[in-house]
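Visitor: I am new to this structure and would appreciate a short tour. Could we take it step by step?

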Amino acid sequence: MSRIFRRLPRVFALTSCALLVSFAAFAQELRITDLSPDNKDSVLDRKTFLITAKGLSEEAAKPMLNGQEIPPSQVSRMPGAISVSLEGNDYSSGALWIEQGKAVSNAVWLSLAGSYVVAATEDEVAENMDGLTTYVDLVSVIIEESHNGAEEAAKLAEKFGASIVGAIPPLNTYQLRLPVSNLTERDALILRLGNEVSVDAVVIEETSAESQPKPQERDQSGSPSTSASNQKEWTANRFLDAVNYYTRRMSSEDEPVKTHPIRVGVIERDVDFDAPDFSDYLGNCRAEKNRTCVYARDAQQPEDHGSTVTGILAAGWNNGGNSGFLSGLNKANPGFDVIVDRGSDAGITANVAASVNLVQDGVRVLNWSWGIHRIGAVSVEGEEVDSLVRSGLAMNGYEELLEEFFLWLRREHPDVVVVNSAGNASSYSSRDEYRLPSSFVTEQLFVVGGHELSKEKGLSVDDPGYANKRKASNIDMRVDVTAAACARGSTAESGKQGRVHCGTSYATPLVTGLLAAMMSIDPQLTPEQLRMLLRRSAMTIGEEYDFEPVDADDLTSPILPSERGNNLNDPDVGHSARLDMQEALHLTVQSLDRAR
């Protein structure tokens with residue numbers, strides 16, 4: 001008996017340690033998971049923001065904006081969240097994070113630009129006749145340019161018994177909550193709204209409810225072997241050569257090139273900061289001037305779409321699944337800001353609202369790894385597309401909204417470019433009856449297709465057969481260039497590679513990162529000049545078609561003689577374009593030298 005009692009303290013101590021270890025394992029890191037305007041504020045004067053965070057303790061928390069603590073008198077606590085009031089003119093858009101004791105959260109981007117739309121809850125969506133989920137009582141109206149948008153929206157709200165709950169003021173677009181309870185009532189009221197003289201278009205949203213998983217563009221042809229690596233696929237675009245060229249040439253002792261900080265906007269929901277790829281981006285990242293920084297809400301899973309797309313731009317090297325292009329430039333980095341934001345979960349309208357905010361906050365390159373197809377669209381084989389489809393009614397509204405966005409962009413921000421994925425439905429990118437937004441024809445929109453490495457061995461990287469077009473990639477002459485479609489996702493464990501993801505969503509950030517690097521060399525480059533440099537530097541892919549599509553098999557707009565020094569006999573003429581990241585940077589430096 002005495003031996004048993006003598007062992008009890010030891011057993012109790014071991015049990016206590018186990019409990020402490022178990023508690024530590026379940027303790028959450030401090031992470032900001034959402035940031036949204038307080039709905040108590042006026043739609044046109046949002047000054048109060050709600051920060052939702054996990055890992056908050058009872059200890060005093062300090063919200064930090066642009067490196068400065070927000071005064072405690074402007075901060076209020078509630079379970080799992082913090083409310084901050086930014087009244088006055090002393091604040092500007094910037095990085096927001098929380099400090100609590102020794103814990104530091106991820107930084108999110110707080111925009112004071114003022115565009116925001118509300119997402120529907122599960123009780124506010126229904127299934128329409130096409131079997132698609134649609135918002136019941138939330139619509140957006142685009143007011144004619146000749147009218148004062150805010151005043152006209154208020155008149156419409158009063159006339160139809162609606163309330164204004166969201167707005168994209170630069171686009172004269174206002175979100176209304178209608179007094180309806182079903183789709184029949186909604187559609188009747190939409191008809192009445194559309195007949196108003198001051199209304200240009202009514203936008204309905206077809207997407208799932210707030211916080212529900214959103215379908216992403218999928219690659220119908222599957223993924224390559226899991227043994228494939230990013231670097232292996234990216235050799236087709238000279239990824240590592242470009243990193244080496246930038247770091248070596250920009251910091252050359254003989255002829256250094258002065259570089260400039262560039263902001264990049266990524267329209268995605270969130271990023272997993274627990275993944276080793278992003279663990280270096282907590283807190284005040286910009287305290288170090290010459291590095292890449294990432295600002296985003298925290299995600300639950302490392303292999304989410306947002307983490308993979310952002311990782312291609314900014315994942316830390318040798319930490320996890322990805323090696324980001326811009327983070328690889330850190331030896332000569334002028335300070336790239338990668339801002340991941342989509343505002344709310346209100347579908348395409350939220351994507352546009354977030355894009356407007358980011359452009360107003362100084363973003364020069366927007367990454368749009370998303371797109372939609374009109375229901376009934378067919379692939380090049382004649383099969384109906386069943387990925388990311390929307391009804392004709394929704395597509396008409398989206399088309400009007402996107403048109404307003406690009407008109408505003410050309411008028412107010414002509415130096416900004418948008419990089420959009422071509423899509424993965426083996427369909428057509430340029431036809432507005434098939435796909436948005438890639439069908440828009442504007443200098444400020446770059447459309448990216450996808451390719452994968454050829455199985456043929458012994459070819460040089462500049463051989464047209466080195467890479468093949470990816471079967472699922474959308475095609476035709478609206479596509480500007482192709483890039484590697486496959487990349488590894490981030491992982492939760494350091495040193496381990498993630499699952500392979502394929503699609504034009506992952507080709508797009510390669511072009512986005514390259515354009516940002518080109519702008520950092522010469523920030524005066526116009527969209528037209530960027531496209532010229534991108535196409536002039538491109539390698540080729542596939543067979544020559546003499547400018548005429550053969551069975552709809554052209555992957556991109558064929559390379560023209562003007563893109564090869566007006567040489568009609570250049571062997572590249574007539575081929576589709578494949579991204580060459582190193583040569584594009586080299587031509588950019590040459591162009592800058594000539595301009596001097």
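Guide: Let us begin with a term: two residues are in contact if they have heavy atoms within 4.5 Å. The model shown is predicted. Among contacts in the chain between residues at least 6 apart in sequence, 74% join residues at least 24 apart.

Visitor: How many helices and strands does the chain have?

Guide: The chain has 11 helices and 30 strands.

Visitor: And what percentage of the residues count as buried?

Guide: Of the 596 residues, 58% count as buried. The accessible surface of the chain is about 25,200 Å², and carbon and sulfur atoms account for 48% of that surface.

Visitor: Let us turn to strands. Which way do the residues of β19 point?

Guide: Strand β19 covers residues 365-368. V365 and N367 point one way, while L366 and W368 point the other way. In a regular strand the side chains alternate between the two faces of the sheet.

Visitor: Are those four residues of β19 buried or exposed?

Guide: V365, L366, N367 and W368 are all buried.

Visitor: Which strands does β19 pair with?

Guide: Strand β16, residues 263-266, runs parallel to β19 and is joined to it by three bridges. In that pairing V266 stands opposite N367. Strand β22, residues 417-421, also pairs with β19 in the parallel sense, over four bridges. There, W368 stands opposite N420.

Visitor: A different sheet now. In what order do β20, β21 and β23 lie?

Guide: These three strands form an open sheet in the order β21-β20-β23, with mixed pairing. The edge strands are β21 (389-390) and β23 (435-436), each of which pairs on one side only.

Visitor: How many bridges join β20 to β21?

Guide: Two bridges join β20, residues 372-374, to β21, and these strands run parallel.

Visitor: Finally, at what angle do α6 and α9 pack?

Guide: Helix α6 (residues 305-314) and helix α9 (residues 504-521) pack at an angle of about 35 degrees, and their axes are 8 Å apart. Their crossing is right-handed.

Visitor: Which residues meet there?

Guide: From α6 come H305, T308, V309, I312 and L313. They meet S505, Y506, P509, L510, T512 and G513 in α9. The residues of this contact comprise six nonpolar, five polar and no charged.

Conventions. Residues are numbered from 1 along each chain as its sequence is written. This is a predicted model: local features need pLDDT of at least 70, side-chain atom pairs count only at pLDDT 80 or more; totals for chains, interfaces and linings use all residues. Side-chain values use heavy atoms; hydrogens and water are left out. Two strands pair if DSSP finds at least two bridges between them. Buried means under 20% relative accessible area, exposed over 50%, partly exposed in between (1.4 Å probe, protein chains only). Axes are lines fitted to C-alpha atoms, for helices over the stretch in contact, and angles run from 0 to 180 degrees between N-to-C directions. A crossing is left-handed if the near helix is turned anticlockwise from the far one by less than a right angle, and right-handed if clockwise. Ala, Val, Leu, Ile, Met, Phe, Trp, Tyr, Cys and Pro count as nonpolar, Asp, Glu, Lys and Arg as charged, and the others, Gly among them, as polar. Accessible areas come from the Shrake-Rupley method with a 1.4 Å probe; for residues, only the protein chains shown count as cover.
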